[in-house]
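Here are some friendly notes to read beside the model. Please keep the 3D view open as you go through the points.

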Amino acid sequence: MTHHARGTFTVKVQPLTPAPAEGIARFSIDKEIHGDLEAATKGEMFSAGDPKAGAAGYVAIEVVTGTLAGKHGSFALQHSATMEPSGRKMTVIVVPGSGTGELKGISGTFDIQIADGKHSYDLEYNLP
């Protein structure tokens with residue numbers, strides 16, 4: 001059975017050094033998630049392109065630790081995104097096999113919305 005968890009989050013992104021190669025930037029990601037999922041995350045992101053011109057891409061992995069539907073544990077999220085003047089494309093999935101504790105076996109997608117500078121999410125997930 002598919003479930004949805006919705007809410008808001010704040011994100012702190014900080015540059016990390018060294019960059020892995022010329023033209024690639026590296027960042028830490030720390031989120032505080034509230035709502036149906038109460039959690040904190042830690043992760044890393046790599047990006048390339050020209051975000052000031054509206055053309056760039058990033059990949060990231062972050063570990064989410066907290067409580068979902070009364071169940072405590074952790075799982076990893078894998079991000080892949082691009083932006084260009086015609087719009088953005090973003091996919092964020094729960095990494096298969098990454099669930100721990102009461103979230104072992106979790107699968108799903110994490111949809112991120114940004115409106116008026118605020119972040120919200122819709123986690124569509126399944127648990128065994």
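1. Let's start with Phe110, which is buried, with a relative accessible area of 3%. Buried means under 20% relative accessible area, exposed means over 50%, and partly exposed lies in between (1.4 Å probe, protein chains only). This is a predicted model: local features need pLDDT of at least 70, side-chain atom pairs count only at pLDDT 80 or more, and totals for chains, interfaces and linings use all residues. Residues are numbered from 1 along each chain as its sequence is written, and side-chain values use heavy atoms, with hydrogens and water left out.

2. The rings of Phe110 and Tyr121 have centres 5.2 Å apart and planes at 10 degrees, so this pair is stacked. Rings of Phe, Tyr and Trp (its six-membered ring) pair if their centres lie within 6.5 Å; planes under 30 degrees apart are stacked, over 60 edge-to-face, and the rest tilted. Tyr121 is buried, as is Phe110.

3. Two aromatic pairs are found in the structure. In the pair of Phe9 and Phe110, the ring centres are 6.3 Å apart and the planes stand at 45 degrees, so the pair is tilted. This pair links distant parts of the chain, with Phe9 in strand β1 (residues 3-16) and Phe110 in strand β7 (residues 107-115), 101 residues apart. Strands (E, at least two residues) are DSSP runs, numbered from the N terminus.

4. Phe9 is buried too, with a relative accessible area of 5%. Which residues do ring pairs link into a cluster? They are Phe9, Phe110 and Tyr121.

Methods: Helix = DSSP H or I, 4+ residues; strand = E, 2+ residues; numbered from the N terminus.
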